[in-house]
Amino acid sequence: MRISWYLPETGLQDLVDSLSSFGRLAAPVRRGDGHVYEFVSSASDIDFNFTRTKLPPKKFLLPYKRMVGVYHPESMDYTPVGNEGGIVLLGVHPCDLHGIEVLARFFPELREKAFVVGVSCLPDEHCFCLDAGSAFAESALFDLFLVLLEGGFLLFVGSAKGIGVVEKLKGLIREATEEEIFLCRKFLEERTKLFRKRTLPLAGTSLLIEALYHSQVWEELSKDCLGCGTCTNVCPTCFCFASYDVPDIEGRKVKRVEFATSCQYPVHSLVAGGHYFRPSLSERFKHRYYHKLVGYTRQVGKAGCVGCGRCSFFCPVGIRMEEVLERLLYDQGVNHRC
Ligand code: SF4
Ligand code: SF4
């Protein structure tokens, strides 16, 4: 089977319909001055003309608030509650595909739960996925990938499930021509030129970053931070959570609820005995960089920053992750890669 196909724009609804067997479908929708992922059933609601959504598709895979189980205090029985049912994520940019890949290394069940359809994009000045090694879909998790062309899509297949969907679309799609593949290559070339030119090579710097753990520069870098946690909440790879229990009125049944939290909040480092193990804002600020770039890499072999630019774009005081790293690595004259 060929792995690239051409789907005319008019076939988008058929694609949406054929994906419905995998679960509810979420796609980018314009809301106000931005875009969000929402459940849709009509292709006419979908808008692929966006740079980044406010929240990443993670919100469907690891909901920000979720019930995870029920226990009965008398019998001590505990019944886990999973997020049953599949989900289709349609219109995921390469950086977020890599974000899902990172999450799936910690939560392998997500691979089975989601049918993921990527879509091509153009960067703005906040995107640094090229530096982060996440600008292309190839090494990430996806079932289908769409490249937007004039009047239609070039459709690439990334999994056996994806092949099944292509089979269903036979009659509507046709093999991509060499000219269309050439147009796709041109698009990728032009897209690469649009990335802001930087000296930041994120891949390969985690050892240097680790070595600068005690640098005084962190105090200076974190001085404007408010500790608001926006950066972690919008990040496609952050997954820290806390939990609480909700008993029913008779105390016979208790629901366990998990909710997303942030390493930027002081309470996140509060442990038994009232001890805060990351008491200062600058330590919490630094921790985010170390966990993402050093910790994730050590744990699952992939950095926890995919360069989506959300934390920079949404930070209320304009702290930009890539600039912090540039200053850390280059202002001190450490300008070579490991
Ligand atoms: S969003 Fe900005 S101000 Fe808020 S915690 Fe993150 S870096 Fe600090
Ligand atoms: S750290 Fe910032 S740029 Fe990197 S993946 Fe998270 S939100 Fe995106």
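This is a predicted model: local features need pLDDT of at least 70, side-chain atom pairs count only at pLDDT 80 or more; totals for chains, interfaces and linings use all residues.
Begin by selecting the four strands that form an open sheet, which are arranged in the order 5-4-12-11 with antiparallel pairing. At the edges you will find strand 5 (77-80) and strand 11 (241-247), each of which has a single partner strand, so one side of each is left without a neighbour in the sheet. If you look from one strand to the next, the twist averages 25 degrees.

Next, select helix 7, which covers residues 178-194. At 1.5 Å a residue, its 17 residues should span 24 Å, and because the end C-alpha atoms are 25 Å apart, the model agrees with that expectation. Helix 7 is hardly covered, as the count of buried residues among its 17 residues is one.

Now turn to ligand 1 and display the residues that surround it, among them Cys 225, Cys 228, Cys 231 and Cys 315, together with Gln 264 and Ile 319. Divided by class, the shell around ligand 1 holds eight nonpolar residues, four polar ones and no charged ones.

Finish at ligand 2, which has 13 residues around it, and of these Cys 235, Cys 305, Cys 308, Arg 310 and Cys 311 come nearest. The shell around ligand 2 comprises eight nonpolar, three polar and two charged residues.

Notes: Residues are numbered from 1 along each chain as its sequence is written. Chains are lettered from A and ligands numbered from 1 in the order in which they are written. A residue is near a molecule or strand if its C-beta atom, placed from the backbone, lies within 6 Å of it. Ala, Val, Leu, Ile, Met, Phe, Trp, Tyr, Cys and Pro count as nonpolar, Asp, Glu, Lys and Arg as charged, and the others, Gly among them, as polar. Helices (H or I, at least four residues) and strands (E, at least two) are DSSP runs, numbered from the N terminus. The expected span of a helix is 1.5 Å times one less than its number of residues. A residue is buried if 20 or more other C-beta atoms lie within 10 Å of its own, exposed if 12 or fewer, and partly exposed in between; C-beta atoms are placed from the backbone. Two strands pair if DSSP finds at least two bridges between them. Axes are lines fitted to C-alpha atoms, for helices over the stretch in contact, and angles run from 0 to 180 degrees between N-to-C directions.
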